[in-house]
Structure formats: C-alpha cells, structure tokens
Amino acid sequence: LGVTPSSGSTQKSLTVTAEPVSLGVGTYTGSIKITSPALPQAQTIPVTFQVTPGTVATVTPASLVFTQTAGGALPSAQNVTISTTEGSQSFIASFVKGTLPASAVSVTPVSGTTPIVLSIRILSNSLAAGSYDGSVNIALPAAGSNPASIPITLKVTNPATPPAVSI
C-alpha cells in the first residue's frame, strides 16, 4: 500500500494506492497508521482491496486439427472466434512453433479488436507423413501476461497406394 502525502498538517485528504501487479487474484488487507502530536493515540485505518482477474479471452473452438495428404491439396482454412469478458479489447495473434514450422501456418488478422473471427490456414503441402503441432497465442494487453493459446495439430497422411496391376 502507498499513501500520499506521507506527512503534512491536519485537514488533509489522503490518497491510498495499491500495486496489484505482482499479486494473485484474491482479497488483501492492510492498515494505515496515522500519528500526530495533536492526537492522544495513533489512529489505524483498516484497508481491504480485492484483485480480480483481468480481461479473459474466450476462444471457440479451443483447438484445431487439420488433416492433409502428403503432397496433396492444402486443407481448408478454419475459423476461431475470440471474445473477451471486458467488451472490445485489442489483441495481437502470433504463431508459436512446435514441430509445425512457422512458415507452414497463416493467421489473419494478426491484430485488431475483439470480438473477432480469425482465419487459420495451413500453407505447406511438403511435410512428410506424421503429426505436427504448434499454437496460436492471443495476447491481450488488458489481460497482462496471460495470453490465450489455441493448440493446432496437423496430421499428414501418406497418399493412398494405387492397387497393383498385373498383366
């Protein structure tokens, strides 16, 4: 807790501030002690404040799975809706590489305000058969250091083997 002014004459208003940045969600208590030669004893003023969660993003759907045949057509883009608990909020979207290369994924738009629909697209058909993963993080300045994350999985299958023909 902080109090300003920290000293002065009587008949002053005090401003009390709290720095909740490093505190978790919850209720906190403290007190302010006022002393003066004019007072028969120190006065203690109890202070209670509550830290609530900041803006929270809701992502629908919560994850995406793309399926593709190696060397074949690219899978269709998939949409994700982003909304927030505190009305319209600015955001920045970024791809976080896992086993899925960053060059293989497109996210549009990469910034804007919520609510919004993002289009996520696979850009590469040159990956070998297997399962690849990564995620799209949605950073909301109003939410502090808690970005929303959308896990992405790309399942690449081998092309079908044509039946053997004998003559």
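1. Let me start with the pocket lining. In this predicted model, the residues that line the largest pocket divide into 6 nonpolar, 8 polar and 2 charged. The lining has 16 residues, and those nearest the pocket centre are Gly8, Ser9, Leu14, Ile34 and Thr35. Strand 3 supplies the largest share of the lining, with 3 residues. As for volume, the largest pocket comes to about 390 Å³.

2. You will find Ser7 in the loop between strand 1 and strand 2. Is Ser7 buried or exposed? Its relative accessibility is 61%, so Ser7 counts as exposed, the cut-off being over 50%. Ser7 and Ser36 are 29 residues apart along the chain, and their C-alpha atoms are separated by 9.8 Å.

3. Two proline bonds deserve a check on your screen. The peptide bond from Thr4 to Pro5 is cis, with omega near -10°, and Pro5 sits in the loop between strand 1 (2–4) and strand 2 (15–17). A cis peptide bond also joins Thr60 and Pro61, where omega is about -5°. Pro61 belongs to the loop between strand 5 (57–60) and strand 6 (64–69).

4. Now to the aromatic rings. How many aromatic pairs does a search of the whole structure find? The search gives 1 aromatic pair. Its rings are those of Tyr28 and Phe49, with centres 5.6 Å apart and planes at 20°, so the pair is stacked. The pair links distant parts of the chain: Tyr28 is in strand 3 (residues 26–34) and Phe49 in strand 4 (residues 43–51), 21 residues apart. Tyr28 counts as partly exposed at 25% relative accessibility, and Phe49 is partly exposed too, with a relative accessible area of 22%.

5. In soluble globular proteins, nonpolar side chains tend to be buried together. Here, the largest nonpolar core has 27 residues, and Leu100, Ile120, Val136 and Ile138 are those with the most contacts inside it. The elements giving two or more residues to this core are strand 5, strand 6, strand 7, strand 8, strand 9 (105–108), strand 11, strand 12 and strand 13 (148–157). Which strand gives the most to this core? That is strand 13, with 5 residues.

6. Ile120 lets you trace some of those contacts. Leaving aside residues up to four places away in sequence, Ile120 touches Leu64, Phe66, Ala77, Gln78, Val80, Val105, Ser106, Val107, Val136 and Ile152. One of these, Val136, is itself listed with Ile120 among the core residues with the most contacts.

7. Ser119 is in strand 11 (residues 116–122). With a relative accessible area of 17%, Ser119 is buried, because the cut-off is under 20%. Not counting residues up to four places away in sequence, Ser119 touches Ala77, Gln78, Asn79, Ser106, Val107 and Thr108.

8. Ser135 is another buried serine, at 13% relative accessibility. Its place is in strand 12 (residues 130–139). Setting aside neighbours within four places in sequence, Ser135 is in contact with Ser94, Phe95 and Val96, and also with Ser149, Ile150, Pro151 and Ile152.

9. Please also look at Gln89. Gln89 lies in the loop between strand 7 (78–84) and strand 8 (90–97). Not counting residues up to four places away in sequence, Gln89 touches Thr55, Thr84, Gly112, Thr113, Thr114, Leu140 and Ala142. The C-alpha atoms of Gln89 and Ala57 are separated by 9.4 Å, while the two residues are 32 residues apart along the chain.

10. I will finish with Thr58, found in strand 5. Thr58 is partly exposed, with a relative accessible area of 39%. Beyond residues up to four places away in sequence, Thr58 touches Thr81, Ile82 and Ser83. Thr58 and Thr81 are 23 residues apart in sequence, and C-alpha to C-alpha they are 8.0 Å apart in space.

Methods:
Residues are numbered from 1 along each chain as its sequence is written. This is a predicted model: local features need pLDDT of at least 70, side-chain atom pairs count only at pLDDT 80 or more; totals for chains, interfaces and linings use all residues. Side-chain values use heavy atoms; hydrogens and water are left out. Helices (H or I, at least four residues) and strands (E, at least two) are DSSP runs, numbered from the N terminus. Buried means under 20% relative accessible area, exposed over 50%, partly exposed in between (1.4 Å probe, protein chains only). Contact means heavy atoms within 4.5 Å. Rings of Phe, Tyr and Trp (its six-membered ring) pair if their centres lie within 6.5 Å; planes under 30 degrees apart count as stacked, over 60 as edge-to-face and the rest as tilted. On a 1 Å grid over the protein atoms alone, a cavity is a set of points where a 1.4 Å probe fits but cannot get out, and a pocket is an open set with protein on both sides within 12 Å along at least five of seven lines; lining residues have an atom within 4 Å of a point. Grid points are joined across faces, edges and corners, and a volume is the space filled by probe spheres set on the points. Ala, Val, Leu, Ile, Met, Phe, Trp, Tyr, Cys and Pro count as nonpolar, Asp, Glu, Lys and Arg as charged, and the others, Gly among them, as polar. A nonpolar core is a set of buried Ala, Val, Leu, Ile, Met, Phe, Trp, Tyr and Cys residues joined through side-chain atoms within 4.5 Å.
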